[in-house]
Amino acid sequence: RYVAFKVDDKSIMVFGAPGSDQMSEKVMTHINQQFPMKKINTVYITHHHNDHGAGIRPYVAEGAALVAHETAVDFYRTQINRPKSSVVIDALDREFKKGSTTVIGVASNDAYTIEDTNRPVVVYPVLNGHVEDMVIILVGNKNFLYAGDLYVSGIARDKRSGTKRGPNVVPYHSAISLNETIMKFNIPRGPLLGSHDKEAVSYQDLIDYITD
């Protein structure tokens, strides 16, 4: 439920911080083993649900910036700056730096771009019925779109099992919202990856699911 990309020879960006702060510490250990001597500099959160954004604090303790929808910025700042815990202690409790983190809010009607020669990133807001603060993330040089909870993982599972949506079954609204966002911002039609399956699908797979 997370993806890590090497940006350059020194830094890493991560999509998703699921589960808990303790889980994120384990994930960070794994990332550091895969990409030794590189710093996690940015964490992108698709939305505030626990299985996507409950483990932000260890990344903050390492100095990473957070990128999320503007409506969730205050929520994440509250999580970052909560009183130091003496019960379930995480990395930020061990090295508490109140107010020292950058939390970048993506506007509700515009994309947010981080220019980079190796790994340009564009974050798009998604108007949908799942949550108010949904964003999706494009890795520009690969045209690779991380779609969070917007039913891409369901399409991957259906494709693998050979399951097809029946003619009288309405497609999930989140899949329709994803396509509407792709069209609205003219996002490149590259591979799509969801948060709940490791296999990517094509844009055509999304269209095949939505249409009859």
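Predicted model: local features only at pLDDT ≥ 70, side-chain atom pairs only at ≥ 80, totals over all residues.
## Packing of helices 7 and 8

Helix 7 (residues 173-184) packs against helix 8 (residues 203-210) at an angle of about 130 degrees, and their axes are 10 Å apart. The crossing in which helix 7 passes helix 8 is left-handed.

On the side of helix 7 the contact is made by Ala175, Ile176, Leu178, Asn179, Ile182 and Met183, and on the side of helix 8 by Tyr203, Leu206, Ile207, Tyr209 and Ile210. These contact residues comprise 10 nonpolar residues and one polar residue, with no charged residue among them.

Helix 6 (residues 152-161) has as its buried residues Val152, Ser153, Gly154, Ile155 and Ala156. The elements that cover these buried residues include helix 7, strand 10 (192-193) and helix 8. Just after helix 6, Gly162 adopts a positive phi of about 80 degrees.

Lys159 counts as exposed at 53% relative accessibility, whereas Asp205, at 15%, counts as buried.

In the other, the side chains of Arg160 and Glu199 meet at 3.4 Å, N to O. Here too distant parts of the chain are linked, with Arg160 in helix 6 and Glu199 in the loop between strand 10 and helix 8, 39 residues apart. Arg160 is partly exposed, with a relative accessible area of 46%, and Glu199 is likewise partly exposed, at 36%.

Nine salt bridges are counted in the model. One of them joins Asp93 to Arg82, the closest N and O atoms being 3.1 Å apart. Asp93 lies in helix 5 and Arg82 in the loop between helix 4 (73-80) and helix 5, so the pair ties together parts that are 11 residues apart in sequence. Asp93 is buried, at 0% relative accessibility, while Arg82 is partly exposed, with a relative accessible area of 22%. Through shared partners, salt bridges join Asp21, Arg57, Arg82, Asp90 and Asp93 into one network.

Helix 5 (residues 91-94) also contains Leu92, which is buried with a relative accessible area of 2%. The C-alpha atoms of Leu92 and Gly105 are separated by 21 Å, the two residues being 13 residues apart along the chain.

Conventions. Residues numbered from 1 in each chain as written. Heavy atoms only, no water. Helix = DSSP H or I, 4+ residues; strand = E, 2+ residues; numbered from the N terminus. Buried < 20%, exposed > 50% of the residue type's maximum accessible area, 1.4 Å probe, protein only. Axes fitted to C-alpha atoms, helices over the stretch in contact; angles between N-to-C directions. Left-handed = near helix turned anticlockwise from the far one by under 90°. Contact = heavy atoms within 4.5 Å. Nonpolar A, V, L, I, M, F, W, Y, C, P; charged D, E, K, R; others polar. Salt bridge = Lys/Arg side-chain N within 4 Å of Asp/Glu carboxyl O.
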